[in-house]
Amino acid sequence: MFSQLFTGDQLLIDVAEDRDRISRTQHRNDPAVGKVQSALQIWDPSCLPQFGADGDYGDETAGTVARFKAEELGVPPAEIIDDVGPRTVLRLDEV
């Protein structure tokens, strides 16, 4: 992890190293969720219009992660899972 936003966050390191995931059912309210949301807002400032970076991995965040995977990672729509895994967290870290 290279960005100031993600540095030192053990959950994000575990996700980047494919040992964990963040989703609506895993780590939904972990402080790392707010960091992911903030990174998503850097990528697209208008991506979380209803709740913003509220620290809750709800439907709005899951939908934005799915869009990020399609647009940034080129994941085909039928293969998108709306969780944060290694490719997502590494690309967000670059953003």
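Q: In what kind of crossing does α2 pass α3?
A: α2 passes α3 in a left-handed crossing, meaning that the near helix is turned anticlockwise from the far one by less than a right angle, clockwise being right-handed. The helices are DSSP runs (H or I, at least four residues; strands are E, at least two), numbered from the N terminus. This is a predicted model, in which local features need pLDDT of at least 70 and side-chain atom pairs count only at pLDDT 80 or more, while totals for chains, interfaces and linings use all residues. Residues are numbered from 1 along each chain as its sequence is written, and side-chain values use heavy atoms, with hydrogens and water left out.

Q: And at what angle do the axes of α2 and α3 cross?
A: They cross at roughly 50 degrees and come within 11 Å, the axes being lines fitted to C-alpha atoms over the stretch in contact, with angles from 0 to 180 degrees between N-to-C directions. α2 and α3 are therefore oblique to each other (under 35 degrees is roughly parallel, over 145 roughly antiparallel, 65 to 115 roughly perpendicular, the rest oblique).

Q: Which residues make the contact?
A: From α2 they are Q37, L40 and W43, and from α3 they are T61, T64, V65, R67, F68, E71 and E72, where contact means heavy atoms within 4.5 Å.

Q: What does L40 touch, leaving out residues up to four places away in sequence?
A: L40 touches C47, T61, T64, V65, F68 and L92.

Q: Switching to rings, how many aromatic pairs are there in the whole structure?
A: The search finds 1, with pairing taken as ring centres of Phe, Tyr and Trp (its six-membered ring) within 6.5 Å, and planes under 30 degrees apart stacked, over 60 edge-to-face and the rest tilted. The rings of W43 and F68 have their centres 5.0 Å apart and their planes at 80 degrees, so this pair is edge-to-face. Because W43 lies in helix α2 (residues 31–43) and F68 in helix α3 (residues 59–72), the pair ties together parts that are 25 residues apart in sequence.

Q: Is W43 buried or exposed?
A: W43 counts as buried at 18% relative accessibility (buried is under 20%, exposed over 50%, partly exposed in between, with a 1.4 Å probe and protein chains only). F68 is also buried, at 0%.

Q: Where does I81 lie?
A: I81 is in the loop between α3 and α4, and at 55% relative accessibility I81 counts as exposed. The C-alpha atoms of I81 and K69 are separated by 8.7 Å, and these residues are 12 apart along the chain.
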